Amino acid sequence: MLWVPIVVPLLLMLVAASVPSSVAATARFRPLLVPLGGLIHLGVVTLMIVRGEGAPGQSAGQGGSSAGWDSSWGWGWLALDDLSRLVLPLFSVVFFACSLYVPVYLRLRQERSNRVFSAALLGFLAMGTLIVETHHLGLMWVALEACALATAPLLFFNENARSLEATWKYLLLGAVGIALALLGTLFLAYSALYAGIESTLVLDDVLREAPRLSRPWLHGAFILLFIGYGTKMGLAPMHTWKPDAYGESPGVVGALLAGGMTACVFLALLRFFQICAAANELAFARQIFVAGGLFSVGVGAAFMVRQGDYKRMLAYSSVEHMGLLVLGVGVGGVAVLGALLHLLNNGLAKAAMFMAAGNIHRAYGAKTVDRVSGALDRVPVSATLFLAGFFALTGTPPFGTFVSEFTILRGAMAAGHVGIAAVLMGLLLLAFVAMGSTVLKVVHGPATASTEEDGARGGGGVRFRDSLATVGPAIALLLGVCFLGLVVPTQLNAALLAAARMIEGGRP
Amino acid sequence: MKSSFVEALLVVIFFLNLFVLGTSRLRSTITASAAQGVVAGFLTVLLHTNHLGRALVVAGGTIAIKGALIPTLLHRALLSTKTRREVEPYVGFSASLLLGAVATGAAILFAERLPLAIEHQGMLLVPASMATILTGFIVLTTRRKAITQVVGYLVLENGVFLMALLLHDALPSLVEVGVLLDLLVAIFVLAIVIHHVQRDFSSDGADVAEFHRLRE
């Protein structure tokens, strides 16, 4: 079953790419393939989670013997372990919510062909799923690069000079990052070769042999992988593509990248943390995660101050939250649980927030506070969501982010990192104030007239209004964050504990 | 006999690194990076005689993609722009040549100190890989034209590819082919972007120095 959520979107992608645009009817219905793919994906993933399918060693039907993994046909490398069991549903939910928004969005933008956009979204879904499911570190690299390439046409959807610049930076910086990650992956394989073990990149084999890996090569590999995948995740100081990419792409693409893709890349990074933990190098890996995480939180918070562009502001908020995730895992103990819970909360809240921001952008045709104010009058529901999303992203109760950020702080205190906890608290407060000043300017005040900047308005001068399809998915996602703040269901709690054990204990 | 041939090919890699750094003609840099890819493809066969069938597949794919498809894409992207030369790089050509020479020396010195497996000790492959990676970084950071930056990325990728030659067992051919395909698609997308840069930024050739709309 593991291959279904990869193959089905790929097939739908081929359909979307091959349906002719010349026929009006097929061009109109093509965007509906995206929610169809999202629905099938969500259904299959739910089924797999409920039935507990795809645990490592079971898929090959050989009871966990490593011989089953050796098939050069890649399906043997797919598995759902405790960690992917957490990330895959998040990815699926975020994608499904965004996919409901896509047809409406494309109907507003009929001046652009929807072929590449729809196909690229489905390719993104397939490759993102492959990142999460694969247990081969080389294949994971291939999937990650393919996933990033699939998003390039999404960023470039507006086809103007600004989105061109953003796409260029995204591609080139991402390519350099991913090249370093490949080098790191090779170093990891060499660390086995040097130690006289048969070199392998199958995660389960690497974890089993981890204590015997050559230390210098393992350290080098981990640093390169942290930089490489950190670039893709948007950790400071490799985050510079992020404000451009999130700022210039359609809101729903920002939602997918910030809510879905970052989670997949974080999972990739955690795989190598896991390997370090299994190699008894936990202290080394933690040191890097704590330093990198804290720096990202700081940079994210600092750049949010007086940020006049509310989409760029969200991008810096994403940098901040990626830092928080990495920091939480680096601190260890209960903070790992907090980081994993925060991964879910942040993914859902970011996706909702980007969709709300996209609606406001659409209504005003501008995304800077000097031209957008009084959104509560113009698009009341979207503006309310934007405000609520702001509270969710800054960790205000009753949203789940409060619980997860609090858990990370508690973990830092418990681990004796009082200084880190104090700095973190200060930075979170700074982020709250900085973000608040921008958000309030957008939401309150007299409503400004819309401008025609970038041709970003709906086709034919149609005035954008809130509708069920444009605000529904965001409302559902925010309610989800709210729910996670009120109760953490026992099953989820067990899943979080299992995943945290896996990260720190190393062994699957 | 065979190993001296391998060493000779690796010297060609070093030479091509310096050539990319020293020349201003964009066509030549594209060709040089392609030639490097072809040499790397031949090295795959020479170094992996025990998995000959697989090595042939990977080498064939490498030579076809790095030696033919990618340069074709880039030459076509170049035709859509008006420039033929790199102008006013952030670091001059002789200075970057010097940097390249220093990087090559540093790579050789550093590789000697690396804990390498016995069969890889004293081999030129590791220093060649590192020098190529560093060269890629130098080109990426010091050049202004979009095409030259892509060439820099290709050189960087060639360096990583050389490192992968140490590890033929760990990387199954599925992954190696996947890496190559990803590279091809990446260059394809970048070539499209270059085409648009030319159209939207009214410059005399896609120049990333004109990217300044997105600043704080």
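E248(A) and R162(A) form a salt bridge, with their closest N and O atoms 3.0 Å apart. That pair links distant parts of the chain: E248(A) sits in helix α10 (residues 241-248) of chain A, while R162(A) sits in helix α7 (residues 161-194) of chain A, 86 residues apart. Keep in mind that this is a predicted model.

**Salt bridges**

- Side chains of opposite charge can pair when their charged atoms come close.
- Over all chains, the structure holds 12 salt bridges.
- Back to our opening pair: E248(A) counts as buried because its relative accessible area is 5%, and the cut-off for buried is under 20%. R162(A), at 25% relative accessibility, counts as partly exposed.
- D244(A) and R312(A) make a salt bridge too, with the closest N and O atoms 3.0 Å apart. D244(A) lies in helix α10 of chain A and R312(A) in helix α13 (residues 310-331) of chain A, so this pair ties together parts that are 68 residues apart in sequence. Both D244(A) and R312(A) are buried.
- Some salt bridges share partners, and in that way R162(A), E248(A), D309(A) and K367(A) are joined into one network.
- D205(A) and R208(A) meet through their side chains in a salt bridge of 3.1 Å, N to O. These two are separated by about one helical turn because they are three residues apart in helix α8 (residues 203-209) of chain A. D205(A) is buried at 10% relative accessible area, whereas R208(A) is partly exposed at 47%.

- Look for R109(A) in the loop between α4 (84-108) and α5 (115-133) of chain A. R109(A) is buried, and its relative accessible area is 0%.
- Which side chains make polar contacts with the side chain of R109(A)? One is the side chain of Y105(A), at 2.9 Å, and another is the side chain of N158(A), also listed at 2.9 Å.
- S99(A) lies in helix α4 of chain A, and it's buried as well, with a relative accessible area of 2%.
- Setting aside residues up to four places away in sequence, S99(A) touches V34(A), P35(A) and G38(A).
- A polar atom of the S99(A) side chain lies 2.7 Å from the backbone oxygen of F96(A).

**The nonpolar core**

- The largest nonpolar core has 267 residues. Those with the most contacts inside this core are L188(A), Y229(A), I275(A), L340(A) and F386(A).
- Take I275(A): not counting residues up to four places away in sequence, its partners include L137(A), L188(A), L203(A) and V206(A).

**Where chain B meets chain A**

- In all, 45 residues of chain B are in contact with 48 residues of chain A.
- About 4000 Å² is buried between the two chains, and carbon and sulfur atoms give 77% of that area.
- How many salt bridges cross the interface of chain B and chain A? The rule finds zero.
- There are three residue pairs in polar contact between chain B and chain A.
- On the side of chain B that touches chain A, α5 (125-142), α6 (146-164) and α7 (173-200) of chain B each supply at least two residues. The largest share, 15 residues, comes from α7(B).
- Sorted by class, that side of chain B has 33 nonpolar, five polar and seven charged residues.

How values were computed: Residues are numbered from 1 along each chain as its sequence is written. Chains are lettered from A and ligands numbered from 1 in the order in which they are written. This is a predicted model: local features need pLDDT of at least 70, side-chain atom pairs count only at pLDDT 80 or more; totals for chains, interfaces and linings use all residues. Side-chain values use heavy atoms; hydrogens and water are left out. A nonpolar core is a set of buried Ala, Val, Leu, Ile, Met, Phe, Trp, Tyr and Cys residues joined through side-chain atoms within 4.5 Å. Buried means under 20% relative accessible area, exposed over 50%, partly exposed in between (1.4 Å probe, protein chains only). Contact means heavy atoms within 4.5 Å. Buried area is the accessible area (1.4 Å probe) that two parts lose on being put together, summed over both. A salt bridge is a side-chain nitrogen of Lys or Arg within 4 Å of a carboxyl oxygen of Asp or Glu. A polar contact is a pair of N or O atoms within 3.5 Å; within protein, one must be able to donate a hydrogen and the other to accept it, and residues adjacent in sequence count only if both atoms are side-chain atoms. Helices (H or I, at least four residues) and strands (E, at least two) are DSSP runs, numbered from the N terminus. Ala, Val, Leu, Ile, Met, Phe, Trp, Tyr, Cys and Pro count as nonpolar, Asp, Glu, Lys and Arg as charged, and the others, Gly among them, as polar.
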